[in-house]
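Hi everyone, thanks for coming. Let me put the structure up on the screen, and then we'll walk through a few parts of it together.

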Amino acid sequence: MYKNKQVLTSLEVAEMVGRAHNEVLKDIRQIIKDLGEGSFPLSSESIDIKDFFEESTYLSMQNKKLPCFLVTKEGCEVYRNRMTGVKGTQFTFRYVNRFNKMEQQLKEHNLPLSLDEKIVVIASGYGNMRQEIGDVKEKVEELSERFGLPATNAAILSHVRNGHIVHYLGGKDTKAYHKLSRKVFSEFGRDFKENFDVLRYDAIPLSQFDEALTYTKSWQPSFNTRGAIRKLNLLG
């Protein structure tokens, strides 16, 4: 595990590049395969794959453990090199911006962002290793309320949001998706922020994560937008 390095999940990378998560997993596995056993031909330079990618897992909405990768900033740079044109530029902007925000948050609060690291910081702050575990958990919950969703939870929420909206539009091959997807995503963002009184969807406290998932899965566009979706897909 990365203890002193900020990382994204492959779920977040998939959202940033607009691809299905399983396709991003294939890409990363191919990159690792291309690097072989971690050394370049005709070079003594060695490579530690974990400086770029590390296998991990996450829990799906069906409570199933599924594969993912943890991706460092260097890993994002390697992945970006497989992309060309506007999409590659957009991905660079998104991942650099995300890492910059995480680094800034670290500087502002002087605290690690992962829950494991937060637990270590809180526990060491008490100065008494016999402190009740319940007190530590309570402190972690307080930090979660303050800092918003951990990266993995935010990625899962994004994944559910994307899947729900694409399904509502009838799939990515429909006229409604090509004509109205930006409008529908914008409507969702506006409604979500108003409902939870936050500036960003991933700024909700961890205690509201389940509520946010339920809201996302049951959300519907406005009446006029629903009518426009039906009309476009009937024409298709």
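**Helices and a sheet**

Let's begin with helix α3, residues 73–80, where the buried residues are Gly 75, Cys 76 and Tyr 79. Buried here means under 20% relative accessible area, exposed means over 50%, and partly exposed is in between, with a 1.4 Å probe and protein chains only. Looking down the axis of α3, these buried residues fall within an arc of 100°, so they line one face of the helix; the arc is that of the directions from the helix axis to the C-beta atoms. In general, an α-helix has 3.6 residues a turn, so residues three or four places apart point the same way.

A word on the background: this is a predicted model, where local features need pLDDT of at least 70 and side-chain atom pairs count only at pLDDT 80 or more, while totals for chains, interfaces and linings use all residues. Residues are numbered from 1 along each chain as its sequence is written, and side-chain values use heavy atoms, leaving out hydrogens and water.

Helices (H or I, at least four residues) and strands (E, at least two) are DSSP runs, numbered from the N terminus.

Now, in what order do the 3 strands of the open sheet come? The order is β1-β3-β2, with antiparallel pairing; two strands pair if DSSP finds at least two bridges between them. At the edges are β1 (8–9) and β2 (53–59), each pairing on one side only. β2 pairs with β3, residues 65–71, over 7 bridges, and Glu 55 has Phe 69 in β3 as its bridge partner.

Finally, Lys 183 is in helix α8, residues 175–196, and counts as partly exposed at 43% relative accessibility.
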